[in-house]
Amino acid sequence: MLLIYGSGATGKHIAALAGKAGIETILAGRNPSRTAIAADELGLTWRSSQPEHAAELDAMLAGVDILINTAGPFTHTAAALMRACIRNRCHYLDLSNEVTTFQDARALDGAARQAKISIVPGAGFGTAVTEALAAHVIERIHEPDILTIVRTSEPGAKTPAVRKTTREVLARPGAGIKDGRWQILGNRITGFDLPDGRRTGILVGLGDGFAIAEATAIGQVSTYAATGMNPGLARVLMPLIRQLFRMAPAISRGRAGRPKGSETVGTGGTQLRVQASNANGETATSNLRAESGSALAARIAVKTAQQLQHRPSPGFHTAGQILGTQQVLTLPGIQITDL
């Protein structure tokens, strides 16, 4: 039995896909009334629990084989749900791209193996597709030792959780993999020539770098968020923006106060660039464009769950390690250009 935790647009999308695939599915979430309404729309049964209530989580997971966590920000939900899955011996997946979630999952590898369950953070678009593109680029160069990722998100409606996650990521200093370990790297700002023109890249600390380093053992991995901001202005403003986000936590509003459309998933496309380089100065670069990251996230989550149903792999894994990166890149809606 599959339980989807999170009754927003993404959770409902995954539930619908799982139903089409013939997977017995339960919808769950933090808000009972909202979860009940969403489950009724899909014709599903539902359960509810707050992440901090261990006994409630255990009751929620009774009879469940796989949990897919779609309730972000994942820094608020993943740790408790991963531990609940270990206690109840059910596989854990989520759609996160927050590095703290990956670090926590990696630390639980031994406990997950003992419980004979899998823990797979990043089984959505943000990490799985980036990991797959990185694997594609690595095959095109001899002994790469540096990977640089540039992410560009196009306009589209964003859920409140996505907006809050973005603020939390930007509140932290830039970070990435250096000398084989996660390190704070500071306020790095640089320029990139992307398909839509010259863009400014702001170093951010995301889980995709951690996942790629875990899967490939490449010692230096950096992720940049592309913006149209002038580089000089970005160097001045980003420290101030980060300080502002740290000092002024996001104001949480009730459902009635959310702007129209805030419950829908963004339909704007996403672009990725991954460049690999080696000690000889050689480089290989590939660009990827996806028409709808949210639709791809749902497909990846369901495919990963199906893989674990038929071929369990206990312990901590990346989504690419479970699915195989080539399977991710052949999903509909993905276009790759090699440079």
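**Exercise 1.** Which side chain does a polar contact join to that of aspartate 94?

*Solution.* This is a predicted model, in which local features need pLDDT of at least 70, side-chain atom pairs count only at pLDDT 80 or more, and totals for chains, interfaces and linings use all residues. Residues are numbered from 1 along each chain as its sequence is written, and side-chain values use heavy atoms, with hydrogens and water left out.

Step 1. The partner is serine 96, at 2.8 Å. A polar contact is a pair of N or O atoms within 3.5 Å; within protein, one must be able to donate a hydrogen and the other to accept it, and residues adjacent in sequence count only if both atoms are side-chain atoms.

**Exercise 2.** State how the side chains of strand β1 are placed, and find its paired strands.

*Solution.* Step 1. From β1 (residues 2-5), Leu2 and Ile4 point one way, Leu3 and Tyr5 the other. All are buried, that is, under 20% relative accessible area (1.4 Å probe, protein chains only).

Step 1. β1 runs parallel to β2 (residues 25-29), with 4 bridges; pairing requires at least two DSSP bridges. Isoleucine 4 stands opposite leucine 27 of β2.

Step 2. Strand β4 (residues 66-69) is also joined to β1 by 4 bridges, in parallel. Here tyrosine 5 has asparagine 69 as its bridge partner.

Definitions and conventions
Buried means under 20% relative accessible area, exposed over 50%, partly exposed in between (1.4 Å probe, protein chains only). Helices (H or I, at least four residues) and strands (E, at least two) are DSSP runs, numbered from the N terminus.
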